[in-house]
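Welcome, and please take a moment to turn the model around before reading on. The paragraphs below walk through it step by step.

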Amino acid sequence: MASLPVLAQENILIYVGPGAGPKSVANTLRTIKALAHPKYTIKTVTPDELINPAWISNTALLIMPGGADRPYVEKLSGKGNANIKQYVQNGGKYLGICAGAYYSADRIEFAKDDPELEVTGERELKFFPGLVEGPTYAGFDHRDTQQVAGMRAAKILWHTEQPFAQNKEFTIFYNGGGHFVAAENYPSVIILARYGAELPSQPQQPAAIIECAVGKGKAILSGPHFEWHHDSLEGDNKDLLQIKRNLAQQDTDRMNLAEHLLTRLGIAVRNT
């Protein structure tokens, strides 16, 4: 099949097939609609639609949201992933959040050696050419979506150049995401943010958000959920309520971070 060029770049597509968490999709839609310039059409997209290459020529950004990585593999391996790779390599942009970031690695190790939770193996997209390992914080259990032990109002530290000060701290929602092992060793990768000091001290804190050059295109991958709004967290568990309070206090910074990540992906935002 001849390569389809990326042309009009009119659409922002958010995957909603098996594996995509409903709340992750809802928060992604909410944040993207709030920030992206109205010239874009923001659409959800199914596995069958990604397997048909017609979407490639008029898409500005493809987003794989949080959820579970294995159903992505089951639905998109082969033709779907080949289309995604072709799209990005020819100049397209990809945003992978939590499960969407695991899915974009060369290989993943999730809860390795846990007989109930382990997910390991190679992945086809390979936008990050190394290992994504997680969960970065203990306590996450994907079998129980109501449990809060793995949730955090996680602190991440900005790691690169403008627009934020070096080591500026952001507090954003975390629930099971990974980190990008030895990201600093890959010439195609820029570390945008690292996890903060609440993790055990290491020579370098793990990479939390990265930017990957992929042919003529670009992928930004995030372990934590910078797209989540605090009022999406439901329940009266005291730990959850404290997480919500912590997130609410820094929501403006979260939106500034999300806006900048979109601009890095070439997406025009509302205030420009």
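How many bridges join β5 to strand β6 (residues 119–122)? There are four, and these two strands run antiparallel. Strands here are DSSP E runs of at least two residues, helices are H or I runs of at least four, and both are numbered from the N terminus. Two strands count as paired if DSSP finds at least two bridges between them. In β6, T120 is the bridge partner of E109. Strand β5 (residues 105–110) is also joined to strand β7 (residues 128–134), this time in parallel and by five bridges. There, A105 stands opposite F128 in β7.

A word on what you are looking at: this is a predicted model, in which local features need pLDDT of at least 70 and side-chain atom pairs count only at pLDDT 80 or more, while totals for chains, interfaces and linings use all residues. Residues are numbered from 1 along each chain as its sequence is written, and side-chain values use heavy atoms, with hydrogens and water left out.

Now step back to the whole chain. Its secondary structure comes to seven helices and 13 strands. The radius of gyration, taken over C-alpha atoms, is 17 Å, close to the 19 Å that the globule rule gives for 272 residues, so the chain is as compact as a globular protein of that length. (The globule rule is 2.2 Å times the number of residues to the power 0.38.) Along its principal axes, the C-alpha trace spans about 55 × 45 × 35 Å. Of the 272 residues, 53% are buried, where buried means under 20% relative accessible area, exposed over 50%, and partly exposed in between, using a 1.4 Å probe and protein chains only.

What lies inside? In soluble globular proteins, nonpolar side chains tend to be buried together. A nonpolar core is a set of buried Ala, Val, Leu, Ile, Met, Phe, Trp, Tyr and Cys residues joined through side-chain atoms within 4.5 Å. The largest such core here has 76 residues, and Y94, F128, I210 and L257 have the most contacts inside it. Strand β12 (residues 207–214) gives the largest share of this core, six residues. A second, separate core has nine residues, including M151, A153, I243 and L247.

Follow β12 next. Seven of its eight residues are buried, so this strand is largely enclosed by the rest of the structure. Strand β11 (residues 189–195) pairs with β12 in the antiparallel sense over five bridges, and V189 stands opposite C212 in β12. Strand β13 (residues 217–222) pairs with β12 too, again antiparallel, over six bridges, with E211 opposite I220 in β13. The hairpin of β12 and β13 has two residues between the strands, and G215 takes a positive phi near 60° there.

Finally, find helix α7 (residues 251–264), whose 14 residues reach 20 Å from first C-alpha to last. That is close to the 20 Å expected at 1.5 Å a residue, the expected span being 1.5 Å times one less than the number of residues. Among the buried residues of α7 are D251, L257 and R264. Contact means heavy atoms within 4.5 Å; leaving aside neighbours within four places in sequence, L257 is in contact with I156, W158, F164, F170, I172, I209 and F226. After α7 comes G266, whose phi is positive, near 80°.
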